Amino acid sequence: MPQFTDAYARSFYYLRLSVTDVCNFRCTYCLPNGYKPHGTNNKSFLSLDEIRRVTRAFAAAGTEKVRLTGGEPSMRRDFTEIIAAVRENASIRQIAVTTNGYRMARDVHAWRDAGLTQINVSVDSLDARQFHAITGQDKFAEVMAGIDAAFEAGFEKVKVNSVLMRDLNSHSLDTFLAWIRTRPIQLRFIELMETGEGGDLFRRHHISGEVIRDRLIMQGWQRQLRGRSDGPAQVFRHPDYQAKSG
Ligand code: SF4
């Protein structure tokens, strides 16, 4: 089967696969009222066998990287088996997860053994109380323990995503940067998106990515050339830091 390309002859090697829309967090900008099941039919999620078939077909069409997302993908009881099913495809060399980190302390060793190669964790605050206020879950310590467990399990770096919001956590930029100074954590600040029901939140808390970029540059961070795995992010490096920021 030929590689997937679009009308502009761009090739696609990367698949994002949502394995559930369930999440146990209630982030203010995503699920402020918590996850609500759609009716009684749970069959909207791909089964393990369907995931096996889908990723086999994508691998045959040139996919080299699969990102497992949700909702919160680790809410699936068979999440470790899902990783192993994707791993059966030798041509898929990178298997990533985007997670809220809730199950990492318990499961990240098993995920690595099953074939996971990359982790992105959402951490919107380094202050436990503010973390609780933003996510609706008092799980800051568990998420931090999960990141430590990922390093213990052998991951050389962990990517952390943080949505910076004006008058909430945007003043914590320096705290975040101090946190990654000596750790191989690649920190990525994410601009708050305007969603259908989130217009009011957006108007109150949106802070432009350009403001963050200018603050990074003022502190000596230098913009890097965009790599294939950087997606839409602008990546920065600093001589005093192990990891990258973006
Ligand atoms: S952890 Fe992710 S999926 Fe869950 S509510 Fe927060 S942003 Fe949404």
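**Figure 1. Contacts of Ile-82 in the predicted model.** Ile-82 touches Val-19, Leu-48, Ile-51, Leu-68 and Arg-76, when residues up to four places away in sequence are not counted. The structure shown here is a predicted model. Ile-82 belongs to helix H2.

**Figure 2. Leu-68 and the largest nonpolar core.** The largest nonpolar core contains 51 residues, and Leu-68, Val-108, Ile-119 and Ile-147 are the ones that touch the most other members. Helix H5, formed by residues 140-153, gives the most to this core, with 7 residues. Which residues are in contact with Leu-68, leaving aside its neighbours within four places in sequence? They are Leu-17, Val-19, Pro-73, Phe-79, Ile-82, Ile-83, Val-86, Ile-95, Ala-96, Val-97 and Thr-98.

Figure 3. Leu-192 is found in the loop that runs between strand S6 (185-191) and helix H7 (199-205). Is Leu-192 buried or exposed? Its relative accessible area is 5%, which lies under the 20% limit, and therefore Leu-192 counts as buried. Not counting residues up to four places away in sequence, Leu-192 touches Tyr-29, Val-163, Met-165, Leu-201, Phe-202, His-205 and His-206. Arg-16 is 176 residues from Leu-192 along the chain, and a separation of 20 Å is found between their C-alpha atoms.

**Figure 4. The peptide bond between Gly-70 and Gly-71.** The bond that leads from Gly-70 to Gly-71 is cis, and its omega angle is near 15°. Gly-71 is located in the loop between strand S2 (65-69) and helix H2 (79-87).

**Figure 5. The backbone and exposure of Ala-9.** Ala-9 lies in the segment that comes before strand S1 (14-18). Although Ala-9 is not a glycine, its phi angle is positive, at about 65°. The relative accessibility of Ala-9 is 60%; because this value is over 50%, Ala-9 counts as exposed.

**Figure 6. The protein chain that surrounds these close-up views.** The protein chain has 8 helices and 8 strands. Its radius of gyration is 18 Å, close to the 18 Å that the globule rule gives for 246 residues, so the chain is as compact as a globular protein of that length. Along its principal axes, the C-alpha trace spans about 50 × 45 × 40 Å. Of the 246 residues in the protein chain, 45% are buried. Among contacts between residues at least 6 apart in sequence, 68% join residues at least 24 apart. The chain exposes about 13100 Å², of which carbon and sulfur atoms supply 50%. How many positive and negative side chains does the protein chain have? There are 34 positive and 28 negative side chains, and the centres of these two sets lie 3 Å apart.

Conventions
Residues numbered from 1 in each chain as written. Predicted model: local features only at pLDDT ≥ 70, side-chain atom pairs only at ≥ 80, totals over all residues. Heavy atoms only, no water. Helix = DSSP H or I, 4+ residues; strand = E, 2+ residues; numbered from the N terminus. Buried < 20%, exposed > 50% of the residue type's maximum accessible area, 1.4 Å probe, protein only. Contact = heavy atoms within 4.5 Å. Core = buried A, V, L, I, M, F, W, Y, C linked by side-chain atoms within 4.5 Å. Rg over C-alpha atoms; globule rule 2.2 N^0.38 Å. Areas by Shrake-Rupley, 256 points an atom, 1.4 Å probe, with all protein chains shown as cover. Lys, Arg positive; Asp, Glu negative; His and termini not counted. Charge placed at Lys NZ, Arg CZ, Asp CG, Glu CD.
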